[in-house]
Amino acid sequence: MRTETLDAAWPALPDGPGPYPGVVVIHEAFGLNDNIRDVCRRFAAEGYAALGIDLFEGRSRVVCMARMFAGAIAGNLDHYGVPALKDALTRLGNHPDVDADRIGAIGFCLGGSIVLTWACSDERLCAIAPFYGAAPRPREAIRRLCPVVGSWPGRDFTTKAARILQTHLTTAGVPHDLKVYPGAKHSFFNDQWRNYDAAAASDSWQRVRAFFAEHVGPGAPGTAGSS
């Protein structure tokens, strides 16, 4: 695996020749930390070129989060943070070792919400994996999503998103795998946080691996946004 440090991003690439499928990794409220870097390493070990994005780099975290949440509540599908992720996908797709037609994204909490919003207006994404993310507004936009593998804790302010997404994605015929973990709490995937739940984290990771292998990985169709 190859890694390097860049401004506002942290890439991890598999060893050996490309082209690789790609994954944009979006942090939760803690920012681009060691947990997110570890997620990038996990994807690199699976054969993906992973790019961890820092949406707070050089800015006030509180101000950034406020702008993102305000935009989400207002139903702005291009709210603060989304343009940066679109640029990140472009950067990743332009890498000589990356197949630009096979790129997905994963996000946690704040990142889980923003990846759902982003995917409503970017057909280049082949699949997304939101963890404890809120459903985007307007709800009608959900039907434009690419395939979704989503994970939520049983009792959380985001849990109702699973039901909302299930309804709209089923109606639209969008492939999806959505699961709620009854005993888990918010940030259950973060093994550096007090709410880490090993069973829920392991099961959700295996679901992400299988779903991305089908929709993003080497054996997936070579057209972004295909379902």
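Where is the place of Arg42? Arg42 sits in helix H1; helices (H or I, at least four residues) and strands (E, at least two) are DSSP runs, numbered from the N terminus. Before going on, the conventions: this is a predicted model, where local features need pLDDT of at least 70 and side-chain atom pairs count only at pLDDT 80 or more, while totals for chains, interfaces and linings use all residues. Residues are numbered from 1 along each chain as its sequence is written, and side-chain values use heavy atoms, with hydrogens and water left out.

Back to Arg42. Its relative accessible area is 26%, so Arg42 is partly exposed; buried means under 20%, exposed over 50%, and partly exposed in between, with a 1.4 Å probe and protein chains only. Not counting residues up to four places away in sequence, Arg42 touches Phe189, Asp191 and Trp205, where contact means heavy atoms within 4.5 Å. Ala12 is 30 residues from Arg42 in sequence, and the C-alpha to C-alpha separation is 9.1 Å.

Asn35 is also placed in helix H1. Asn35 has a relative accessible area of 3%, so it is buried. With residues up to four places away in sequence left out, Asn35 touches Glu28, Phe189, Asn190, Asp191 and Gln192.

Next, helix H6, residues 198-215. Its 18 residues should span 26 Å at 1.5 Å a residue, and the end C-alpha atoms are 26 Å apart, which agrees; the expected span is 1.5 Å times one less than the number of residues. Which residues of H6 are buried? They are Ala200, Ala201, Ser204, Trp205, Arg207, Val208, Phe211, Phe212 and His215. Seen down the axis of H6, these fall within an arc of 165°, so they line one face of the helix; the arc is that of the directions from the helix axis to the C-beta atoms. On the other side of H6, Ala199, Ala210 and Glu214 are exposed. The partners of the buried residues of H6 include helix H1 (34-45), strand S3 (20-26) and strand S5 (98-108).

Cys64, Met65, Met68 and Gly71 are the buried residues of H2. Down the axis of H2 they fall within an arc of 135°, so they line one face of the helix. Val62 and Ile73 are exposed on the other side of H2. The buried residues of H2 pack against H4.

Now the backbone. Most residues other than glycine have a negative phi, and most peptide bonds are trans. Which peptide bond has omega near 5°? The bond from Gly18 to Pro19 does, and it is cis; Pro19 is in the loop between strand S2 (9-13) and S3. The bond from Arg137 to Pro138 is cis, with omega near -5°, and Pro138 is found in the loop between S6 and S7.

Tyr132 is not a glycine, but its phi is positive, about 45°. Tyr132 lies in the loop between S6 and S7 and is buried, with a relative accessible area of 0%. Ser187, not a glycine either, has a positive phi of about 65°. Its place is in the loop between S8 and H6, and at 2% relative accessibility Ser187 counts as buried.
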